[in-house]
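Let's take a friendly tour of a protein model, stopping at a few spots where side chains meet. Have the sequence and the 3D view ready.

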Number of protein chains: 2
Amino acid sequence: MSNAYQRLCETFTRLARFSHLDAIAGWDMQTCMPSGGSAARTEALTELRILSHQILTDPHVGELLQQAQQEPLSDEQHASLREMARRYGHAVVLPESLVSAQALAGMHCEHAWREQRRNNDWQGFLKNFTEVVRLSREEAQIRAQASGLSRYDALLDRYEPGMTAARLDAIFAQVKQWLPSLLQQIIEKQRSQTLTESQGPFSVEQQRALGVDVMGLLGFDFNHGRLDVSAHPFCGGVPDDVRITTRYNEQDFLGALLGIIHETGHARYEQNLPRQWAGLPIAEARSTAIHESQSLLFEMQLARGTPFLNVLRPYVQKHFGDQNAFHGENFIRINHRVQPGFIRIDADEVSYPAHVILRYEIERALIEGEIEAGDIPEIWNKKMMDYLGLDTRGNYRDGCMQDIHWTDGAFGYFPTYTLGAMYAAQLFAAVRRCHPSLDENIAHGDLSLLFTWLRENIWQHGSRFDTDTLIRNATGETLNPEWFRRHIEQRYLS
Amino acid sequence: MSNAYQRLCETFTRLARFSHLDAIAGWDMQTCMPSGGSAARTEALTELRILSHQILTDPHVGELLQQAQQEPLSDEQHASLREMARRYGHAVVLPESLVSAQALAGMHCEHAWREQRRNNDWQGFLKNFTEVVRLSREEAQIRAQASGLSRYDALLDRYEPGMTAARLDAIFAQVKQWLPSLLQQIIEKQRSQTLTESQGPFSVEQQRALGVDVMGLLGFDFNHGRLDVSAHPFCGGVPDDVRITTRYNEQDFLGALLGIIHETGHARYEQNLPRQWAGLPIAEARSTAIHESQSLLFEMQLARGTPFLNVLRPYVQKHFGDQNAFHGENFIRINHRVQPGFIRIDADEVSYPAHVILRYEIERALIEGEIEAGDIPEIWNKKMMDYLGLDTRGNYRDGCMQDIHWTDGAFGYFPTYTLGAMYAAQLFAAVRRCHPSLDENIAHGDLSLLFTWLRENIWQHGSRFDTDTLIRNATGETLNPEWFRRHIEQRYLS
């Protein structure tokens, strides 16, 4: 009889229901809520988070976790219990007062950031942000003491269980070795290409209609999700009701379109998580990097590949009419253009790792106490110059204030983007090995081989396996950044 | 020292925060949520309602309410305590299992109703609805035993404290005496009028833009609210973030426009509730009928009055161009047209009470056990024929399935619409007495006298006074239906 385990299931199901309301109210905050609703919403969400923290960290949960270890459980239930224990362990070390202070400070900072970013107001932002950093350092210190990890590793573990700064340093050191010269070669090669730009304006309504069409092609289930607009695109909601967002620029439809494809990758992972464990931690996505591997697999591996671009072309023509820019090789080249720029989320996949490494180096130093929040702009400027040759002085809006992540203390998140890109390359290569006709099928608009493989190898497992096991089962090896490098070389230099 | 009272304030503030999340997730359910999200949302909201019920009915709250009675409190705090006790008393009598079953059955029935109404599927609806009725009868029985009221009165008291079926019967008996002949006279009088109809289509975008303009004219604060679309228009959200909805018909812009004006009346009440008590029951609207009096004061007393219609005219012309239908007396007549129809929310103010009396009579008999859910269509048909001369046989969609209220067991709500219409007439007459220049000011587009009066006499008081006191303070007498009759006669027969 698995009595303790059953009671844990009830508790975690209850937490998932509160988390559902958090997700929807959070989505609303980014997409619908008028500015004046912020204070009351922040209070309401903070109250809910305190409650969830109390329920999760109740000593009784700790006892049940111990008791359940002694019960006769199936392999799946053991994995489920492991994920419950992980969740509990992460929460129980934090005092409720800190959780509450972080929720408040984070929402406050994030909300003000929207306006401050528009106004390039670093000093205004710094005031709120300093408090966020202070609380995150406190969190890191507590987690480090409890886990024996370094302070930054302790935060990183929230998003990427098992990942460490040491392992990241090794990976990023490699990237820093090959990336600059590769980037130069690609820029050099593309310099001789002539490109015909597409001609705007592309109305928001038409862009949206195109996005919805392409989401359908990519298997997004509109009975369990929707597409909206927010300042910073994201994938939110719950598996039964996945909310993705984008933002439109009437002069450039590709940004929103590829953003939608990116979020659709996240959404399909969510929509295909294992229903039989719904409400339990094991039913959730494996990690932030694995989540990002799905969005980047959709955006970078699939959608920017030549076979899919040829499928995408008639969709674009259907909505925007025929333009020379959409013809033949030109349409491919527009989507393969490599051009270092200020904005991470607009970056091509070749310069993207530089944005991530820069943020990783800054946030690690910030959390470890080697630098202060006020030092960020100067370090940012220097690294942007070093890595991408761009001068960002005085331009906070497109510099260190461009991202939402730090505003609510999500330190340790950024590295998962590049880990995700690497996993995506490794996974896509594995699908190709498994299905030699993959590219041909894609070129005919048949994406079923890809989606079936992803469902069977990634989506349906939720958090049943740890990341290394999941990836080894799917690809025959654990994370191997070589696949990413090979992908870049093949796409841009072959 | 008011220690118990302070602790009650903390508890009720916490409840208000959970209620905030309920309101937003509920709004989302009506306006955004895809159909497939329903099951998970229902579970999440039910979990939250169980939690709120538990917090509110904790025996400790009962003890604190008793202790606080002994504390030295200000008059305002005494009123606040009275409202807390009322809330507690209403909740504590219900077993948690019933609350949970009602929440689930109600959301289930309501969600299915959307589709069933479209399909005119009474049998499908009846299956869910029978369960809703069964649970509401159980609730009525429990409340009746606890309060000494009749079963229907016990449900009515949730919306309209102090109101009884006996008092309603007296009021409605009067209305049934004068309404039929008045209605006939008006129809007779209008028969000789020739009307030029406006020519659609009126695009949803333009209708929305007009609605937003008029909301601005009516003082809606867009920093604390927004306008959206839902199948059944409502005013939801929280005072800091009021969410009103409408639905558009491209052939008739007036329905949506007057609906928006109606919801704006609700919204301004919410947006102007007393902030100094925010989070406490005393800061909430006095009752459902008083809430409705504000929406009907905006829609019927103000907006359909000739002075305001002349202000509205150029707004309509700005968005839809010049049409003969908008000219002179014709525009007034379109808005004063009396024409009995199937749909309550589309009804003119003269035939509206018939819709309400019909529903009141049916729901009271249903709750008192005199009829069963399956009997409703036949009784509905008979009463529609008796009261308005309309044959609704077989047309469930536009008959007994047209309203959302019964789907989640809101029995006792319908009478508040006509009470609201009566309070609205009484209040508007009082503003006129207070400000003899009122109509002249309105004709010049200056609504400040009206809004200031409403803020000072109704909005800012929240639930500080009971309904009779509030209305007596504002108008010099308690509810007097004569003002409504006089309003109808003056507008339609003078």
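## A listed binding site

In this predicted model, H266(A) touches C235(A), H291(A), E292(A) and S295(A), leaving aside residues up to four places away in sequence. H266(A) sits in helix α10 of chain A and counts as buried, at 8% relative accessibility. Helix α10, residues 253-271, is also the place of H262(A). At 10% relative accessibility, H262(A) is buried.

An unreviewed UniProt entry lists H262(A), H266(A) and E292(A) under "binding site". They span 31 residues in sequence, but no two of their C-alpha atoms are more than 8.8 Å apart, so they gather at one spot.

## Rings that meet

Over all chains, the count comes to 46 aromatic pairs. Take F202(A) and F320(A): their ring centres are 4.7 Å apart and their planes lie at 65 degrees, so this pair is edge-to-face. F202(A) belongs to the loop between α8 and α9 of chain A, while F320(A) is in helix α12, so the pair ties together parts 118 residues apart in sequence. F202(A) is buried, with a relative accessible area of 2%, and F320(A) is buried at 13%.

Ring pairs also link a cluster in chain A, including W122(A), F125(A), Y352(A) and Y417(A).

## Charges over rings

Now look at Y417(A) again: R344(A) lies over its face, at 4.5 Å from the ring centre. In chain B, R243(B) lies over the face of W27(B), at 4.5 Å from the ring centre.

Key:
Residues numbered from 1 in each chain as written. Chains lettered and ligands numbered in written order. Predicted model: local features only at pLDDT ≥ 70, side-chain atom pairs only at ≥ 80, totals over all residues. Heavy atoms only, no water. UniProt positions renumbered as here; feature names shortened; annotations may be inferred. Helix = DSSP H or I, 4+ residues; strand = E, 2+ residues; numbered from the N terminus. Buried < 20%, exposed > 50% of the residue type's maximum accessible area, 1.4 Å probe, protein only. Contact = heavy atoms within 4.5 Å. Phe/Tyr/Trp six-rings, centres within 6.5 Å; stacked < 30°, edge-to-face > 60°. Lys NZ or Arg CZ within 6 Å of the ring centre and 35° of its normal.
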